[in-house]
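Hi,

Here is the structure I promised to pass on.

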Amino acid sequence: MELDVKQKVNKRSKLEDDHQQATGMETLPREIVLDILLRLPITSLVQFKFVCRAWRALAQDPLLANLHNTTSTSKAEENPCLILHCDFPIRNQLCFIDFSDNQDKYPDQEVVFGFGFHPVSKEYKVIKIVYYRKSCSNSSFQRTRRVIYPRSDVQVYTVGSPAWRSKGKLAYQFVRRPSEALVKGRLHWVTRPRRYSPVRGIVSFDIADEQFREVPKPDCGGLNRCNYHLAVLSGCLSVAVYGNYGKLEIWVMKDYNVKESWAKELNIGAYIPKGLKQSLDRPLKIWKNSLNGRVVRVVCILEKGEILLEYKSRVLVSYDPKRRTFNEFVFKGTPNWFQTIVHQGSFNWIDTPHDL
């Protein structure tokens with residue numbers, strides 16, 4: 001009997017506390033409440049939603065989501081969040097795409113993916129570019145001489161829609177990698193050289209109007225198949241070029257789509273992390289196409305200006321451009337092989353999972 005009374009008292013106290021908290025927030029003007037909530041990190045806003053019904057209603061204010069997305073886009077590179085993607089199931093992610101089994105599932109196709117969010121249209125979209133292979137053989141030697149792609153199909157899926165949409169053929173042939181850079185609501189790839197277009201270039205896909213456009217590239221020499229990759233640094237489209245003797249050049253486009261704004265920001269010297277000295281068997285099925293010969297990949301800029309680098313999908317290293325020093329990161333429980341992904345928190349609620 002005494003226990004029941006205590007439980008009722010505790011329950012009543014909790015309800016009163018919730019009511020007082022809700023009443024306190026509700027008495028403030030809407031603009032002040034929004035200003036307070038915009039100062040919170042995304043993780044705190046998610047927790048804020050589950051305090052009580054009144055706070056949940058505040059957290060689901062459409063104006064708050066729009067304002068938060070606008071401010072968070074400019075701050076994304078200042079406080080990046082990182083995900084180590086490895087060979088085990090991960091829950092609560094928005095989109096999963098299996099890049100490892102495309103060769104097995106689609107022996108006559110080559111598939112390139114992209115995924116991103118547009119800050120104006122407020123839409124998440126997945127783009128899938130399918131190239132249909134055709135082998136050309138030399139009749140004298142009965143050997144495969146080369147592989148050509150006479151036909152392609154661009155497919156787009158908007159998260160929340162019932163099905164994929166076909167956009168028809170694509171005039172460009174992209175290097176077989178997922179899009180490595182999302183800038184200004186546009187996904188970016190580097191093209192392969194073709195018969196009538198032997199020079200590689202950079203092409204964007206606008207998530208809003210779903211159009212492909214060429215983007216001027218930096219004057220850093222040829223973009224070879226194995227010596228470069230795209231990145232996003234301080235919100236700008238960037239190209240990292242892996243040169244001779246292990247050196248790394250980083251070019252940044254300061255003003256988007258303006259060729260003259262490309263500038264070489266950094267020259268990073270050769271470095272071999274201690275963590276690479278141990279010989280490990282590489283999981284071929286998952287990572288056979290992740291590096292394409294590259295030793296180091298630029299991930300992002302950290303809060304104090306260091307450049308985060310990933311070496312051979314095994315070691316994370318920060319580079320201080322002022323001191324020109326390297327510092328290896330050691331995390332407890334880090335898998336032997338991983339791929340680092342820069343994650344930007346979003347305040348858009350997606351309540352229904354969709355099968356892609």
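The largest nonpolar core has 19 residues, and those with the most contacts inside it are Leu-248, Ile-250, Ile-268, Val-298, Ile-307, Leu-309 and Tyr-311. A nonpolar core here is a set of buried Ala, Val, Leu, Ile, Met, Phe, Trp, Tyr and Cys residues joined through side-chain atoms within 4.5 Å. At least two residues of this core come from each of β11, β12 (248-253), β13, β14 (296-301), β15 (307-311) and β16 (315-320). Another core, of 18 residues, lies apart from it and includes Val-175, Val-215, Leu-237 and Met-253. In soluble globular proteins, nonpolar side chains tend to be buried together.

Before you go further: this is a predicted model, in which local features need pLDDT of at least 70 and side-chain atom pairs count only at pLDDT 80 or more, while totals for chains, interfaces and linings use all residues. Residues are numbered from 1 along each chain as its sequence is written, and side-chain values use heavy atoms, with hydrogens and water left out.

Four strands form an open, antiparallel sheet in the order β10-β11-β12-β13. β10 (228-233) and β13 (262-268) stand at the edges with a single partner strand each, so one side of each has no neighbour in the sheet. From one strand to the next, the twist averages 25° (axes are lines fitted to C-alpha atoms, and angles run from 0 to 180 degrees between N-to-C directions). β10 is joined to β11 (residues 236-242) by 6 bridges; strands pair if DSSP finds at least two bridges between them. Leu-233 has Cys-236 in β11 as its bridge partner.

One loop residue is also worth a look. Ser-179, between β5 (165-168) and β6 (181-183), is buried, with a relative accessible area of 19% (buried means under 20%, exposed over 50%, partly exposed in between, with a 1.4 Å probe and protein chains only). A polar atom of the Ser-179 side chain lies 3.1 Å from the backbone oxygen of His-188.

Overall, the protein has 7 helices and 18 strands (DSSP runs numbered from the N terminus: helices are H or I, at least four residues, and strands are E, at least two). Of its 356 residues, 39% count as buried.

Best wishes

Definitions and conventions:
Polar contact = N/O pair within 3.5 Å; in protein donor to acceptor, adjacent residues only side chain to side chain.
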